[in-house]
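Reader: I have a structure open on my screen and I am new to this. Could you walk me through reading it?

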Amino acid sequence: MLTRKLNNGIKIPVLGLGTYRLARTDEDSYRAVRTALDAGYRHIDTAAFYFNEKPIGRAIRDSGISREEIFVTTKLWGSDILSNHIQEAFETSMSNLGLDYLDLYLVHWPVKGKVASTWHAMEKIHQSGKVKSIGLSNHLVHHMEELLREATIVPVVNQIELHPYLTQKEVVDYCNQKNIIVQSWSPLGGSKIPLMQEDTLKEIGRKYDKSPAQVVLRWNVDRGFVVIPKSSNMQRQKENIAIFDFQLTAEDIALIDKLNKDYRTGIHPDKISF
Ligand code: A2P
């Protein structure tokens, strides 16, 4: 699996399995992570808020793959920030996952007025040695500016909603400037938008004998992002990882960039409340 170097020198596989609403039951979540690992995924992204850390941790532990080969991410939820239970929330996630260490711990959403203090708590967790890297999710430029004024550690990633209908130019440019890797959630647009029906993606796909989903995922990799498509279906998991035998041209990338409509399927980061 192709990797990228984070700003602390640690490598991250450029494609991972997203797990928000991955499956209805714990057993199905477990099965989906096992099939993804069997298919070659080595990066699994979860969050306390997804309420699936337990089956995901179990799937990772049962896989027979050595822990160091799998990049595991989870995230700190906003209500734990508001109630000043950051350390406890981290310990609960670790206990749910049943792992000795985490590869990446993210602040799931910025909490108004608490962006910098949350980051200090994250830095303390990092100092404990149980988390290799810390980063952000859903942070806008103004949140990152606020945070970086006081930060000792520069976040390694910012995981944001990003797909061809929401290319997030401003956040991406800022992250590139600060050496923060952009991670794309809902890269296929989730189930709310008909992104997979886009003619541009179909046409580009025909050139390489690839599906629209594979074109979008490769667009992420070629733009330097880390991407976490979600699928509970083994065939689609395999399809989504089969993107390392072709590359888009600069022209293809520009055509896909042009599909942007600034269309969010999720909430705006300034509007979330906990
Ligand atoms: P499923 O789990 O049945 O495969 P996103 O990661 O953008 O949130 O999108 C995930 C959604 O897209 C899921 O509903 C998933 O359904 C579906 N999906 C995942 N991979 C593909 C694919 N290769 N082609 C079409 N739909 C896909």
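This is a predicted model: local features need pLDDT of at least 70, side-chain atom pairs count only at pLDDT 80 or more; totals for chains, interfaces and linings use all residues.

Reader: What share of the residues is buried?

Author: Buried means under 20% relative accessible area, exposed over 50%, and partly exposed in between, with a 1.4 Å probe and protein chains only. In this protein chain, 54% of the 274 residues are buried.

Reader: Which residues of α4 are buried?

Author: They are I86, A89, F90, S93, M94 and L97. Seen down the axis of α4, these buried residues fall within an arc of 135° (taken from the directions from the helix axis to the C-beta atoms), so they line one face of the helix. Their cover, counted by contact (heavy atoms within 4.5 Å), includes α2 (53-62), β5 (71-76) and α5 (115-127). Just after α4, G98 takes a positive phi of about 70°.

Reader: And how do I read aromatic pairs?

Author: A pair of aromatic rings is described by the distance of the centres and the angle of the planes. Rings of Phe, Tyr and Trp (its six-membered ring) pair if their centres lie within 6.5 Å; planes under 30 degrees apart count as stacked, over 60 as edge-to-face and the rest as tilted. A search of the whole structure finds eight such pairs. One of them joins Y20 and F49, which is tilted, with 6.4 Å centre to centre and 35° between the planes. Y20 lies in the loop between β3 (17-18) and α1 (26-39), and F49 in the loop between β4 (43-45) and α2, 29 residues apart.

Reader: Is F49 buried or partly exposed?

Author: F49 has 30% relative accessibility, so it counts as partly exposed. The rings of F49 and W77 have centres 3.9 Å apart and planes at 10°, so that pair is stacked. W77, at 16% relative accessibility, counts as buried.

Reader: Which residues do ring pairs link into a cluster?

Author: The cluster consists of Y20, F49, Y50, F51, W77 and F274.

Notes. Residues are numbered from 1 along each chain as its sequence is written. Side-chain values use heavy atoms; hydrogens and water are left out. Helices (H or I, at least four residues) and strands (E, at least two) are DSSP runs, numbered from the N terminus.
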